[in-house]
Amino acid sequence: MKPLLIALVLAMPVAAQEPDRSPVAMRDPGSTLAPDWHRGAFMEIFVRAWKDSDGDGIGDLRGLTQTLPYLQSLGIRGLWLMPITANADGDHGYATTDFRTIAPEYGTLADFDTFIARAHALGIGVIMDYVINHSAAQHPWFVASRTDPAHPKRDWYVWAKDAPTGWDIWGKNPWYHAATRPWEFVGDPKTIPPPAPGAQQHYFGTFGPHMPDFNLQNPQVWQYHEDSLRFWLNRGLDGFRLDAVPHMVETDAVRWNDQPQSRQLTKRLQDLIRSYRHRWAVCEATAEPQAYADDSVCGAAFAFGYVQHYIQAAQGDVASVQALTAPHPRRSERLATMLSNHDIFAGQRLWDQVQGDEARYKLAAAAYLLQPGTPFVYYGEEIGLAGLPGLDGDLPIRGPMSWTADGGFSSGTPFRPPAPNRGTHNAAAQQRDPDSLWHFYRAMISLRNTHASIRRGTWRHGRSDGGVAQWQRVVEGEADGDHTLVLINHGTAGATVLADALPPGSRLQASWPRWAAPARADAQGQARLHLAPQSVRVYRVLVR
């Protein structure tokens, strides 16, 4: 996660009331979802930008609830909601002011409960961001910590008398004097308490002065977060995307990223979440995702360091085509894949990365939707939503969803300008066109939902021939023995390739495209297949 623009923080008021920190006991409501629901395709949704139900220009939970049939039609099995809790930034929500309250512009807890119930009725699970590393500087507990060194909340944050030297996190010293003003409250200056005099006047903020780090080695702080996780799980939430977990504990100026203590704490979070029936967690851990995608830490993590190959292969990079099929520790069923997300460091919107080339767009989409792991579609990706020109930071990739040619996001003035390609690439137009990106995404997601081997099968026999990548996925030890062969020709010319290591004499029945001719492996388990330029072929391998 990247820091917010300080200007956004300056525009927000002080949190008005003391957050609830009462203990929360586990009350598991159970789950109606399939045990492997989290192996289906997810969509990451920025609620503010998704659908506005009341005309105030800001997306909300009621708008999201209204569009659940659209997501079901696409074949989505899970949703990741960016932060929906009360916050001080009024935009992407990572500066939290209350971990148990819905941001008022998004709705109420009753709206949340209705949304969860209707998502579950459609077979869709829901996870949401939990920002455990820090709070907003406007959080009442940090205000108390800053104002009074003797206050019980002082040790809830990380303080030092003098600013430690030698620190460099993304080009900045993360220690800030208590009198630092960029995060200061808006309002009558006479009502703003001055920083406390005396010792320990510098606080630690990994992501900037507006988001001070919690002291997660304080048992009271940790207990509060565990109770808050249970608060949401008890309401039926299906899990969490755990934000910035490698930054929970910093040892010193050198050992500040991904320390053993952070991994131990992450394991405790995972254990709590998975103690509820069919719940799931995925971690943001940019440095070593594979380590976090183990049951000894988080159980699942985003495949940073690997996912860039999907787009590079689609653009014709042969080395990336090879990377998609070569043995790779970051290609695992426990890793979450994507083409972009809400952070600009992960890349621009796919439309902009491929300069609107829909053939390359589809190749990138097919590769990650058909490979191992849990794929996360970034909202609007399924219709070719373009980024917003002329904006700074992460804002270009967080624009309103295009529902119709005139936008369709809100009956009022949207909080941010609409996408420049909304006239052609909107949900209504895309659903009408059988050759659209939307229908292609629906087809690839349908393959994942239909074939257990694509959803959760073992990876076998990956190989590349120039621009052609192929691999097999197999469900072992089950009666149906689901087995698929995937081939993707990233090249701009047709290609004839040899698929090998197939069961001798097996039949290849086309799953995509359905009009493709069937084929058969010979006695050596080989089949010679012709692929059109920039095309995707998926076969079901039948041995009977």
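## Model and confidence

This is a predicted model, in which local features need pLDDT of at least 70, side-chain atom pairs count only at pLDDT 80 or more, and totals for chains, interfaces and linings use all residues. Residues are numbered from 1 along each chain as its sequence is written, and side-chain values use heavy atoms, with hydrogens and water left out.

The average pLDDT (the predictor's confidence in each residue, from 0 to 100) is 92 for the protein. A score of at least 70 is reached by 93% of the residues. Residues 1–16 stay under 50. For that stretch the model has 47 contacts (heavy atoms within 4.5 Å) beyond four places in sequence. Residues 185–192 are also below 50 in pLDDT. That stretch has 9 contacts beyond near neighbours in sequence.

## Helix 7 and helix 8

Helices here are DSSP runs of H or I with at least four residues, strands are runs of E with at least two, and both are numbered from the N terminus. Helix 7 spans residues 219–234 and helix 8 spans residues 260–274. Their axes (lines fitted to C-alpha atoms over the stretch in contact, with angles from 0 to 180 degrees between N-to-C directions) come within 10 Å and cross at roughly 30°. The two helices are therefore roughly parallel; angles under 35 degrees count as such, over 145 as roughly antiparallel, 65 to 115 as roughly perpendicular and the rest as oblique.

The crossing is right-handed, meaning that the near helix is turned clockwise from the far one by less than a right angle. Helix 7 contributes Trp222, Glu226, Leu229, Arg230 and Leu233. They meet Leu265, Arg268, Leu269, Leu272 and Ile273 of helix 8. By class, this contact has 7 nonpolar, no polar and 3 charged residues. Nonpolar covers Ala, Val, Leu, Ile, Met, Phe, Trp, Tyr, Cys and Pro; charged covers Asp, Glu, Lys and Arg; the others, Gly among them, are polar.

## Helix 13 and helix 15

Helix 13 (residues 358–370) packs with helix 15 (residues 437–450) at about 20°, with axes 10 Å apart. This pair is therefore roughly parallel. Helix 13 passes helix 15 in a right-handed crossing.

Residues of helix 13 in the contact include Tyr361, Ala365 and Leu369. Those of helix 15 include Phe440, Met444 and Arg448. The class count is 12 nonpolar, no polar and 3 charged residues.

## Disulfide

The structure holds 1 disulfide (cysteine sulfur atoms within 2.5 Å). Cysteine 283 is joined to cysteine 298, S to S 2.2 Å. The link is right-handed, with 90° about the S-S bond. Cysteine 283 lies in strand 10 and cysteine 298 in the loop between helix 9 and strand 11, so the pair ties together parts 15 residues apart in sequence.

## Backbone features

Most residues other than glycine have a negative phi, and most peptide bonds are trans. Histidine 461 has a positive phi of about 55°. Histidine 461 sits in strand 14 (residues 458–465).

The peptide bond from tryptophan 512 to proline 513 is cis, with omega near -15°. Proline 513 is in the loop between strand 18 (507–512) and strand 19 (519–520).
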